[in-house]
Amino acid sequence: MTTTHRPLVAGNWKMNGLRKDLEEIATIRDAVKAAGPIEVVVCPPFTLLAAAAVLCEGSGVGLGGQDCHTESKGAFTGDIAPPMLKDAGAAYVILGHSERRLFHGESNALIHDKVKAAQAGGLIPILCVGETEDQRKQGQALAVVGQQLQGSIPQDAQIDSLVIAYEPVWAIGTGLTPTAEDVAEMHGFIRTHLSERWPDKAAGVRLLYGGSVKPGNAGKLLAIANVDGALVGGASLIAADFLAIANACPTG
Ligand code: PGA
C-alpha cells in the first residue's frame, strides 16, 4: 500500500452460486463492519444480485456485476445493461476479465465502450488487465498491459470512479502467483501509465491484484507497493476464506 485510500477486496463468483449460497453472503455481511477500514464487495451471478442486495442493505458489503453491455437497453438477448445492475443493487461491475476476453472475444475497444457505459450508468468499473503465460515468457507483460490500459480506458473516463485489477492470466485459478517483485513492477507500471494520462488523479485509483489470492498468500501480496486490495475468484466462494483475505489487508 502506498496510497491513502481505503483498500478494496472484491469477490468474483464467476458462474457459481445458487440461491442457497446466499448464506455465504449473509456470513460475509455479518462479519464486515459498515464503514470499516476495508471495503468489501461481492460480485455474484446476475441471478443473485437483487436477493444479495436485500441481504446486504445497510451493511458494509457492496455488490457488483460481472459484465455489462455498452447500451442502456434494447434488443440484445441475453445481455445486461448498466442501469439494470444499478437497479438490482450493484455499485460496481467487473469489465474486461480475461475469461470474457478469451471466451467471448472481447477486445480493448469493446471494453472501452463498456467502461464508458458503466460509468454513465453510475457504476464503478473494476477493469481487469493481465498478460498470458507466453506473453510473460516473451518479456511482453508490460507492453501487453500498457496496450490494454491505453485501449480500454477512455481518455474522458471519470478516473476517480475506476478500479483496476491486474490479473495475470496464468495465475487465475491455477494456484500460481507472480513474485512480489513482478507484482510491484506491474503495479508501479500501471500507476505510471495513469499518472501520465491523469496527473492529478492517478494516485487515488485503487489497483487490485488478482489471480490465486488465498488466505495463505494474501498478507504477502497485499503488502506490496501499489497493491490497494484484491480481486478474488475461487477463494471468495467460501465466506471464511474470503473474510480471511479481507482481514489480511493492511489498513495503513
Ligand atoms: P482466482 O480468480 O482467485 O480463482 O484465481 C481470480 C479472478 O479470476 O478474478
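Analyst: Let's begin with burial: a residue is buried under 20% relative accessible area, exposed over 50%, and partly exposed in between, using a 1.4 Å probe and protein chains only. Asp67, at 8% relative accessibility, therefore counts as buried. Before we go on, note that this is a predicted model, where local features need pLDDT of at least 70 and side-chain atom pairs count only at pLDDT 80 or more, while totals for chains, interfaces and linings use all residues. Residues are numbered from 1 along each chain as its sequence is written, and side-chain values use heavy atoms, with hydrogens and water left out.

User: Where does Asp67 sit between the secondary structure elements?

Analyst: Helices (H or I, at least four residues) and strands (E, at least two) are DSSP runs, numbered from the N terminus. Asp67 belongs to the loop between strand S3 (61–65) and helix H3 (82–88).

User: What does Asp67 contact, leaving aside its neighbours within four places in sequence?

Analyst: Contact means heavy atoms within 4.5 Å. With those neighbours within four places left aside, Asp67 is in contact with Phe46, Ile80, Leu85, Val93, Ile94, Leu95, Arg100, Glu106 and Lys114. For polar contacts we look for a pair of N or O atoms within 3.5 Å; within protein, one must be able to donate a hydrogen and the other to accept it, and residues adjacent in sequence count only if both atoms are side-chain atoms. The side chains of Asp67 and Lys114 make such a polar contact, at 2.8 Å.

User: Which residues are closest to the ligand?

Analyst: For a shell like this, a residue is near a molecule or strand if one of its heavy atoms lies within 4 Å of it. The ligand is surrounded by 13 residues, and the closest are Lys14, His97, Glu167, Gly173 and Ser212. An oxygen atom of the ligand is 2.7 Å from a side-chain N or O atom of Lys14. The corresponding distance for a side-chain N or O atom of His97 is 2.7 Å, and for Glu167 it is 2.6 Å. As for cover, the protein takes up 97% of the 280 Å² of accessible area that the ligand has on its own; accessible areas come from the Shrake-Rupley method with a 1.4 Å probe, and for residues only the protein chains shown count as cover.

User: How many residues of each class are in that shell?

Analyst: The classes are simple: Ala, Val, Leu, Ile, Met, Phe, Trp, Tyr, Cys and Pro count as nonpolar, Asp, Glu, Lys and Arg as charged, and the others, Gly among them, as polar. Here the shell has four nonpolar, seven polar and two charged residues.

User: What about the backbone of Lys14 and Ser212?

Analyst: Look at phi. Lys14 is not a glycine, although its phi is positive, about 50 degrees; its place is the loop between S1 and H1. Ser212 also has a positive phi, of about 60 degrees, and is not a glycine. Ser212 lies in the loop between strand S7 (206–210) and H9, and it counts as buried because its relative accessibility is 8%.

User: Which residues have the most contacts inside the largest nonpolar core?

Analyst: A nonpolar core is a set of buried Ala, Val, Leu, Ile, Met, Phe, Trp, Tyr and Cys residues joined through side-chain atoms within 4.5 Å. The largest one has 63 residues, and those with the most contacts inside it are Ile28, Ile153, Ile164, Ile190 and Leu194. Apart from that core lies another, of twelve residues, among them Tyr92, Cys128, Leu208 and Leu231.

User: What does Ile28 touch, not counting residues up to four places away in sequence?

Analyst: Ile28 is in helix H1, and its relative accessible area of 0% is why it counts as buried. Not counting residues up to four places away, Ile28 touches Val40, Val42, Val61, Ala239, Phe242 and Leu243.

User: Is Leu18 buried or exposed?

Analyst: Leu18 is exposed because its relative accessible area is 55%. Leu18 belongs to the loop between strand S1 (8–12) and helix H1 (22–31). For a contrast, turn to helix H8 (residues 180–197), which holds His187: at 0% relative accessibility, His187 counts as buried.
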